[in-house]
Amino acid sequence: MHRNLSGIPAYLPVTILDQHDCGGYAKSTEELFEFTQDFEAKTQIKLDRIYTAKLFLALKKEIALGNILSNSSVLAVHTGRLFEHNYH
């Protein structure tokens, strides 16, 4: 579901994407696992699969769908905690 926040100036559109939860809190999918492995191998940046990996997978999907254009500026808001544990 795409929801626009009220009170945000028209020149600064904000959309919340809440459909990329991979089944819910602390749940995972094979797609998320594979994405995380690939992302970490390419970037050497570790992602936790509860919050951060889902955020980056959602961005990747939205770009692939054409919902985020190549010349767009994106502010991704991480609403989880900082990476503390190795979830692998």
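**Exercise 1. Histidine 20**

In this predicted model, the side chain of histidine 20 and the side chain of glutamate 62 form a polar contact of 2.9 Å. Determine where histidine 20 is placed, whether histidine 20 counts as buried or exposed, and which residues histidine 20 touches.

Solution. 
- Step 1. Locate the residue. Histidine 20 sits in the loop between strand 2 (15-17) and helix 1.
- Step 2. Classify the accessibility. The cut-off for buried is under 20% relative accessible area. Histidine 20 has 15% relative accessibility, so histidine 20 counts as buried.
- Step 3. List the neighbours. Leaving out residues up to four places away in sequence, histidine 20 touches Lys54, Ala58, Lys61 and Glu62. Glutamate 62 is also the partner in the polar contact at 2.9 Å.

**Exercise 2. The order of elements**

State how many helices and strands the chain has, and give their order from the N terminus.

Solution. 
- Step 1. Count the elements. The chain holds two helices and two strands.
- Step 2. The order is β-β-α-α.
- Step 3. The chain has 88 residues, of which 22% count as buried. Among contacts with a separation of 6 or more, 42% join residues 24 or more positions apart.

**Exercise 3. Two helices**

Describe how helix 1 and helix 2 pack, and name the residues that meet.

Solution. 
- Step 1. Take the geometry. Helix 1 covers residues 30-43 and helix 2 covers residues 52-64; their axes are 10 Å apart, at an angle of about 90°.
- Step 2. Classify the angle. Angles of 65 to 115 degrees count as roughly perpendicular. Helix 1 and helix 2 are therefore roughly perpendicular to each other.
- Step 3. Name the residues. From helix 1 come Glu31, Leu32, Phe35, Thr36 and Phe39, and these meet Ala53, Lys54, Phe56, Leu57, Lys60 and Lys61 of helix 2. Sorted by type, the residues of this contact are six nonpolar, one polar and four charged.

**Exercise 4. The nonpolar core**

Which residues make up the largest nonpolar core, and which element gives the most to this core?

Solution. 
- Step 1. List the members. The largest nonpolar core consists of seven residues: Cys22, Leu32, Phe35, Phe39, Leu47, Ala53 and Leu57.
- Step 2. Assign them to elements. Helix 1 and helix 2 are the elements that give two or more residues to this core. Helix 1 gives the most, with three residues.
- Step 3. Follow one member. Apart from neighbours within four places in sequence, leucine 57 is in contact with Cys22, Glu31, Leu32 and Phe35.

**Exercise 5. Positive phi values**

Cysteine 22 and glutamine 44 have a positive phi. For each, give the value, the place and the accessibility.

Solution. 
- Step 1. Cysteine 22 is not a glycine, yet its phi is about 55°. Cysteine 22 is in the loop between strand 2 and helix 1. With a relative accessible area of 14%, cysteine 22 is buried.
- Step 2. For glutamine 44, also a residue other than glycine, phi is near 65°. Glutamine 44 is in the loop between helix 1 and helix 2. The cut-off for exposed is over 50%. Glutamine 44 has a relative accessible area of 66%, so glutamine 44 is exposed.
- Step 3. Check the side chain of glutamine 44. One of its polar atoms lies 3.0 Å from the backbone oxygen of alanine 41.

Key. Residues are numbered from 1 along each chain as its sequence is written. This is a predicted model: local features need pLDDT of at least 70, side-chain atom pairs count only at pLDDT 80 or more; totals for chains, interfaces and linings use all residues. Side-chain values use heavy atoms; hydrogens and water are left out. Axes are lines fitted to C-alpha atoms, for helices over the stretch in contact, and angles run from 0 to 180 degrees between N-to-C directions. Helices (H or I, at least four residues) and strands (E, at least two) are DSSP runs, numbered from the N terminus. Angles under 35 degrees count as roughly parallel, over 145 as roughly antiparallel, 65 to 115 as roughly perpendicular and the rest as oblique. Contact means heavy atoms within 4.5 Å. Ala, Val, Leu, Ile, Met, Phe, Trp, Tyr, Cys and Pro count as nonpolar, Asp, Glu, Lys and Arg as charged, and the others, Gly among them, as polar. A nonpolar core is a set of buried Ala, Val, Leu, Ile, Met, Phe, Trp, Tyr and Cys residues joined through side-chain atoms within 4.5 Å. Buried means under 20% relative accessible area, exposed over 50%, partly exposed in between (1.4 Å probe, protein chains only). A polar contact is a pair of N or O atoms within 3.5 Å; within protein, one must be able to donate a hydrogen and the other to accept it, and residues adjacent in sequence count only if both atoms are side-chain atoms.
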